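Welcome to this structure! Here are a few notes to read alongside it, starting with the core and moving on to the spaces inside.

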Amino acid sequence: MASLPPIDAPSGATGAGAFGAPAAGEPDPARFDYLVRLGDDSLILGQRLSEWCGHAPALEVDLGLANIALDLVGQAMLLLGEAGRCEGAGRDGDRLAFHRDVLDFKNCLLVEQPNGDFARTMARQLLFSTWQHLLLQRMTASSDRFLAEYAAKAVKEVAYHRELASEWTIRLGDGTEESARRMADGLDWCWRFIPELFEVDETLEAAIARGIAPDPRLFEDEYRSALAAVLSEAKLESPADQRPILGGRRGHHSEHLGHILAVMQFLPRTYPDASW
């Protein structure tokens with residue numbers, strides 16, 4: 001971990017305080033928040049990867065990234081749909097996806113970062129899908145039936161996402177001098193966003209205490225060992241730790257998210273009564 005203190009992304013909405021288990025029939029803010037965090041991660045990364053459609057370096061890669069994007073959007077539909085039901089305020093998954101403003105999104109900062117070149121996209125995918133895969137493996141034992149069943153299905157998809165990202169990291173790192181340089185640059189760009197994946201605030205702490213969410217701190221060592229193994233095979237060095245940038249879970253985002261939402265939400269906001 002970097003010795004420098006973490007910094008937040010540009011300020012926005014603040015997070016809620018600690019949540020206890022609600023009484024029967026009452027809203028469940030901790031569960032709602034956790035579902036939104038997971039759903040927003042998948043939604044925004046799916047949107048990012050869809051930008052490669054028609055632009056990837058080979059047809060097979062184009063199809064592979066499109067399929068991952070579809071997997072992620074499908075995950076987001078399930079998670080945000082359940083979040084809407086949990087909230088009980090009349091918002092469905094589409095309303096949460098297309099009619100919230102940037103400060104209301106709870107995705108981690110890593111997934112909203114620009115694609116850059118293909119190597120940076122693969123670096124981002126490696127860092128996120130490795131974390132997501134380890135998280136989902138543990139979420140299959142969640143006390144929340146919906147999340148346990150969701151994880152049992154999604155973990156199979158994400159295993160493929162992780163495998164594809166690992167293979168391309170190795171191929172580019174152990175390829176030409178230029179491909180290795182680009183892969184190293186992509187990892188260096190994305191590395192500062194790793195600490196946020198393991199940040200536990202009061203909101204997440206409440207979900208962990210109730211058995212809803214796995215504690216990400218318990219698999220950080222395994223995560224870093226998994227990355228080190230891939231990078232070793234790719235003949236790449238792990239980037240030096242940097243000052244971590246935090247805040248996505250609290251609505252503090254980079255300028256990039258606003259640009260994503262401007263594209264993603266344009267039609268639903270223009271035709272708000274349409275069904276998507």
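1. A nonpolar core here is a set of buried Ala, Val, Leu, Ile, Met, Phe, Trp, Tyr and Cys residues joined through side-chain atoms within 4.5 Å. Buried stands for under 20% relative accessible area, exposed for over 50%, and partly exposed for values in between (1.4 Å probe, protein chains only). The largest such core holds 78 residues, and those with the most contacts inside it are Y34, L127, M139, L147, L187 and Y223. Helix 4 (residues 118-139) provides the largest share of this core, twelve residues. Helices (H or I, at least four residues) and strands (E, at least two) are DSSP runs numbered from the N terminus.

2. A word on the model. It is a predicted one, where local features need pLDDT of at least 70 and side-chain atom pairs count only at pLDDT 80 or more, while totals for chains, interfaces and linings use all residues. Residues are numbered from 1 along each chain as its sequence is written, and side-chain values use heavy atoms, with hydrogens and water left out.

3. Apart from neighbours within four places in sequence, Y34 is in contact (heavy atoms within 4.5 Å) with L135, M139, L147, L204, I212, A213 and P214.

4. Next, the open space. On a 1 Å grid over the protein atoms alone, a pocket is an open set of points with protein on both sides within 12 Å along at least five of seven lines, a cavity is a set where a 1.4 Å probe fits but cannot get out, and lining residues have an atom within 4 Å of a point. Points are joined across faces, edges and corners, and a volume is the space filled by probe spheres set on them. The largest pocket has about 410 Å³ of space. Its lining has 18 residues, with L43, Q47, V73, F98 and M264 the closest to its centre. Helix 2 gives the largest share of that lining, seven residues. By class, the lining divides into 13 nonpolar, four polar and one charged; Ala, Val, Leu, Ile, Met, Phe, Trp, Tyr, Cys and Pro count as nonpolar, Asp, Glu, Lys and Arg as charged, and the others, Gly among them, as polar.

5. There are three cavities of 30 Å³ or more. The largest has about 110 Å³ of space, and its lining includes Y34, R37, E196, E199 and R249. Helix 1 gives the most to this lining, with three residues. Eight of the lining residues are nonpolar, none polar and four charged.

6. The second largest cavity has about 70 Å³ of space. Among the residues lining it are L38, D41, Q75, W131 and M139. Helix 4 gives the most here, with six residues.

7. Which cysteine sulfur is nearest to that of C108? First, the structure holds zero disulfides, a disulfide being a pair of cysteine sulfur atoms within 2.5 Å. The nearest sulfur to that of C108 belongs to C190, 11 Å away, which is too far for a bond. C108 is buried, with a relative accessible area of 1%, and C190 is buried at 1% as well.

8. Finally, look at K235, which has a positive phi of about 60° although it is not a glycine. K235 sits in the loop between helix 9 (220-233) and strand 2 (245-246) and is exposed, at 62% relative accessibility.
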